[in-house]
Amino acid sequence: ERLLFCYEEMHTLMQNEALTDESDLFEVQHRLGNIHANLKDYDNAMLCYLDVLDFQRRTNGDEDINVADLLFNLGNIYIEKEELDKSLECHEESLRISTQVLGNKNVALA
């Protein structure tokens, strides 16, 4: 929980800093999502991941490995929330993007 506090403080400071690069801010928010997920705070994890997903799609487009990673994380959150249809949708889209970006024979997809 101390790590969560530190990242939340860093995120707040970065939001208030005019010189902060937007991608750095969203990297911290992605890590906050991971921390929330590890603490089983799935609602806040989902909020973090959805914000970062929106940023990644606006910045890099839909066919980006970071988008695939976030969709995979969201799929895992939906499993924990017992929303299996949404989980399957996220995992299938993640696999499709990963396969397109990395290729069929990439070890990361095994």
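Visitor: Is Val101 buried, partly exposed or exposed?
Guide: Val101 is partly exposed, with a relative accessible area of 40%. Here buried means under 20% relative accessible area, exposed means over 50%, and partly exposed is in between (1.4 Å probe, protein chains only). This is a predicted model, in which local features need pLDDT of at least 70, side-chain atom pairs count only at pLDDT 80 or more, and totals for chains, interfaces and linings use all residues. Residues are numbered from 1 along each chain as its sequence is written, and side-chain values use heavy atoms, with hydrogens and water left out.

Visitor: Where does Val101 lie?
Guide: In helix H5, residues 84-102. Helices (H or I, at least four residues) and strands (E, at least two) are DSSP runs, numbered from the N terminus.

Visitor: And what is Val101 in contact with, leaving aside neighbours within four places in sequence?
Guide: Glu63, Asp64 and Ile65. Contact means heavy atoms within 4.5 Å. Val101 and Glu63 are 38 residues apart in sequence, with 7.2 Å from C-alpha to C-alpha.

Visitor: Which residues make the nonpolar surface patch?
Guide: Ile65, Val101 and Leu102 make a patch of about 200 Å². Patches are made of residues with over 30% relative accessible area and no salt bridge; like charges are joined within 9 Å and nonpolar side chains (Val, Leu, Ile, Met, Phe, Trp, Tyr) within 5 Å. Accessible areas come from the Shrake-Rupley method with a 1.4 Å probe, and for residues only the protein chains shown count as cover.

Visitor: Stepping back, how many helices and strands does the protein chain have?
Guide: Five helices and zero strands. Along the sequence the pattern reads α-α-α-α-α. Of the 110 residues in the protein chain, 35% are buried. The protein chain exposes about 7100 Å², and carbon and sulfur atoms supply 50% of that.

Visitor: What share of contacts joins residues at least 24 apart?
Guide: 46%, among contacts between residues at least 6 apart in sequence.

Visitor: Now the inside. How many residues are in the largest nonpolar core?
Guide: The core has 18 residues, and Tyr49, Leu53, Leu71, Leu74 and Ile77 have the most contacts inside it. H2, H3, helix H4 (65-80) and H5 each give two or more residues to this core. A nonpolar core is a set of buried Ala, Val, Leu, Ile, Met, Phe, Trp, Tyr and Cys residues joined through side-chain atoms within 4.5 Å.

Visitor: Take Tyr49. What is in contact with it, leaving aside neighbours within four places in sequence?
Guide: His30, Gly33, Asn34, Ala37, Leu70, Asn73, Leu74 and Ile77 are in contact with Tyr49.

Visitor: How many aromatic pairs does a search of the whole structure find?
Guide: One. The ring centres of Phe26 and Phe55 are 4.3 Å apart and the planes are at 10°, so the pair is stacked. Rings of Phe, Tyr and Trp (its six-membered ring) pair if their centres lie within 6.5 Å; planes under 30 degrees apart count as stacked, over 60 as edge-to-face and the rest as tilted.

Visitor: Which helices hold Phe26 and Phe55?
Guide: Phe26 is in helix H2 (residues 22-38) and Phe55 in helix H3 (residues 42-60), 29 residues apart. Phe26 is buried at 12% relative accessible area, and Phe55 is buried at 5%.

Visitor: Different topic. How many salt bridges does the structure hold?
Guide: Seven. A salt bridge is a side-chain nitrogen of Lys or Arg within 4 Å of a carboxyl oxygen of Asp or Glu. One of them joins Arg31 and Glu27, with the closest N and O atoms 2.9 Å apart. Arg31 and Glu27 are four residues apart in helix H2, so about one helical turn separates them. Arg31 is partly exposed at 39% relative accessibility.

Visitor: What does Asp43 meet in a salt bridge?
Guide: Lys81, at 2.4 Å from N to O. This pair links distant parts of the chain: Asp43 is in helix H3 and Lys81 in the loop between H4 and H5, 38 residues apart. Asp43 is partly exposed, with a relative accessible area of 48%, and Lys81 is partly exposed at 29%.

Visitor: And Lys86, what does that form a salt bridge with?
Guide: Glu83, the closest N and O atoms being 3.2 Å apart. Elsewhere, salt bridges that share partners join Arg57, Asp62 and Glu93 into one network.
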